[in-house]
Amino acid sequence: MENHKSASVSLPVPDRGYRGFLPYDAKDPDSKFEPIQPTQPPPGAPNVLIVLLDDVGFGAASAFGGPCATPTAERLARGGLKYTRFHTTALCSPTRAALLSGRNHHTVGMGGITEIATPAPGYTGSRPNTTVPMAEILRVAGYSTAQFGKCHEVPVWETSPVGPFDRWPTHSGFDYFYGFIGGETNQWYPTIIEGTTPGEVGRPEDGYHFMADMTDKAITWSRQQKSLAPDRPFFMYFAPGATHAPHHVPADWIARQKGRFGQGWDAVREETFARQKELGVIPADAVLTARPAEIPAWADMPEELKPVLEREMEVYAAFLEFADHHVGRLIDSLEGDGILEDTLVYYIIGDNGASAEGSINGTFNEMTYFNKASDLETPEYLIRKMDKFGGPESYNHYAVGWAHAMNTPYQWTKQIASHFGGTRNGTVIHWPGGIKARGEIRNQFHHVIDIASSVLEVIGLPEPDTINGVTQKPFEGTSMRYSFDAAAVDAVDTHSTQYFEMMGNRGIYHKGWTAVTHHSTPWISSQPPAFDDDVWELYDTTTDWTQSRNLAQEQPDRLHELQRLWLIEAVRYNVLPLDDRVVERANADIAGRPQLIKGNTQRFFRGMTGLNEHSIINTKNKSHSITAAVSIPESGARGVIIAQGGTGGGWALSVDDGKLNYTYNYLGLDTTHITAPEPLTAGAHQVRAEFNYDGGGLGKGATLTLYLDGQQVVAGHIERTIGILFSADETADIGADHGSQVSDRYKDTDSRFTGDIDWVQIDLGDDSHDHLITPEDRLKVAMARQ
């Protein structure tokens, strides 16, 4: 799929320097010099805006027949083109890395998310400097560049406040970044980075929501850019966390959805399928694929749970509509500033299929799913929490059945790259100044790796051979520019072959045929079969748009040819060795990826905040101690000494009402407070919490003992603990608890410790009880991290 170039191109272009006569005196008449000119892209180069939503399936947005109103996508489609066969990689990090680099995800080391990286070339989680992102190409060519929202491309061992920052957005071609580095964030209490520095945001009680915040920042940036450098085009990458879990959205938006989904997910699929045919985004003879046996029918769900399930979908629909609304605000701003006409807009409605990572029943706190504790969220519990879904107390995700419905008419979901339900995402392209066609549909097969080639062709920039002195691997996509022309309605596809692979699920597309094999299922925690035991399917998508009729038995020779082609592509693009080792990849020591934190001791100091779980020593399932040297003023003290996690789970050592206190929050389900009987006296003290783990597997109990100046003051028992993951986005903080908060003993800015903190230290015990963790528990860890 490489683009072939006729001449060698190196970026940035070296400064030529002045080679003429230099007079002695600047007043000499011969002392005339041409002013320095900044680098400029080719004349007429448009602005470029790429909007990438998260976890939105093909059948979710109304622009492609879904039940969620997306007027912004529809508006852009009326003024541009709608692409019905555009594909992603089936998972977030890989899609983003492929989009920005113009190369397949394994080529850039992103065969999975960075949290499960290995040393194998296709799975390192670390982009090679031979595959510089499109943003850097545009930046050195004279564009202003900015990224807003989700990143999830930084190796986890490089995500701490000390970097290194080589693969952070502002060192990957973007002049400005405002968003979050990881895979998801709390929309009410986000962990935000501006550049490379943690930022401070508002509170939900004051109306704060990250989707609105990032849009405000994007509008401000674009206006400032055009005010100060009106002749310089910009490249903006706008990637909201919506609609990835947690599904957080203001209550008034949720209320608009009331009563819309009582018919259940099977009926919603049928309704969506009918609308898709009416819109022409699938052919009239397309077949609605069958629901897999692994997904329950709506009729088989417990009646008492159905109101909760309806609420889950109402919240999700509101979240998608809320996101589209704010994309609309950004588009309105560009139009109002007179620059939309000359802006190439890609609106990609999802980085993969809809997510089935919320369990069969859905979840109020997604961390229960990742900690394999979904059974604790009983129907009775979910019913009690129903009205709080989507609000600041929740960290919610909808049920698998809704994810399947949002991928109508295709099979399967996110992570399952074998089938179009995991990889086909509706896409709209809008560029009034460069596309004459209006409101037309394009059915050519394309992939996210085609965007970089398309953008460079539109701008008139050749693909560079070297960037910053490093020879680059060629792009692996093909330009979509040909399809912009009015005569391209029936143009032959230029992207004729594309492999797919994620979590062992694999497929190959070649000239209309697909050979695919489904290897693993996200919500089923069991070891997949051997690769050679996988059953392959064969589809002719020129006559079977939705992959509904398996022709493997009728045409075994064709299937074998495509299987061989998949293997050729897999070798070519670093897909091999296939890796479904769930246990080993979950453990950084065994997997072989770098680790920031080593040893059994870590010391912290006041002001250290925003430390994600890869930046702090792992205390889960281990005996450990937390010691702090503090000073208490004469007036007494209150606030957090150290905290890790948030409302959905974590722990904190704090001073509450003057007394030393340890809090353990178990997944928001129950909270244990162990408090000293007497207030701390004024002066310097050493306080310590000894956490003695019971052992016997993951997530067992522990005895917690508090010490003051070496003397035991109180002890208590914690019945159960978090065994896998405190939070996907909440952090550890010294001297405060930022974001949502672990304990209800302190609130908001009151969490700041009012005494002095000299240092805090965590020490792991000699016996971490790792030998007591069963193979079954290790499997839980591995499956959760996927």
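**Notes on cysteines and salt bridges**

1. Let me start with Glu569, which is buried at a relative accessible area of 7%. Please keep in mind that this is a predicted model. The partner of Glu569 is Arg572, and the closest N and O atoms of this salt bridge are 3.7 Å apart. Arg572 is partly exposed, at 42% relative accessibility. Both residues belong to helix H13 (residues 556-572), and because they sit three residues apart there, about one helical turn separates them.

2. Over the whole structure, the search finds 27 salt bridges.

3. One of these pairs Asp266 with Arg291, at 3.0 Å from N to O. This pair links distant parts of the chain, 25 residues apart: Asp266 lies in helix H6 (residues 265-279), and Arg291 in the loop between H6 and helix H7 (306-336). Asp266 is partly exposed at 21%, and Arg291 is partly exposed at 31%.

4. Another salt bridge joins Arg506 and Asp534, with 2.8 Å from N to O. Arg506 is in strand E17 (residues 505-510), while Asp534 is in the loop between strands E18 (513-517) and E19 (536-540), 28 residues apart. Both residues are buried.

5. Now for the cysteines: the count of disulfides is zero. For Cys68, the nearest cysteine sulfur is that of Cys92, 20 Å away. Cys68 is buried, at 0% relative accessibility. The closest cysteine sulfur to that of Cys92 is in Cys151, and at 11 Å it is too far for a bond. Cys92 is buried as well, with a relative accessible area of 4%.

How values were computed
Residues numbered from 1 in each chain as written. Predicted model: local features only at pLDDT ≥ 70, side-chain atom pairs only at ≥ 80, totals over all residues. Heavy atoms only, no water. Disulfide = S-S within 2.5 Å. Buried < 20%, exposed > 50% of the residue type's maximum accessible area, 1.4 Å probe, protein only. Salt bridge = Lys/Arg side-chain N within 4 Å of Asp/Glu carboxyl O. Helix = DSSP H or I, 4+ residues; strand = E, 2+ residues; numbered from the N terminus.
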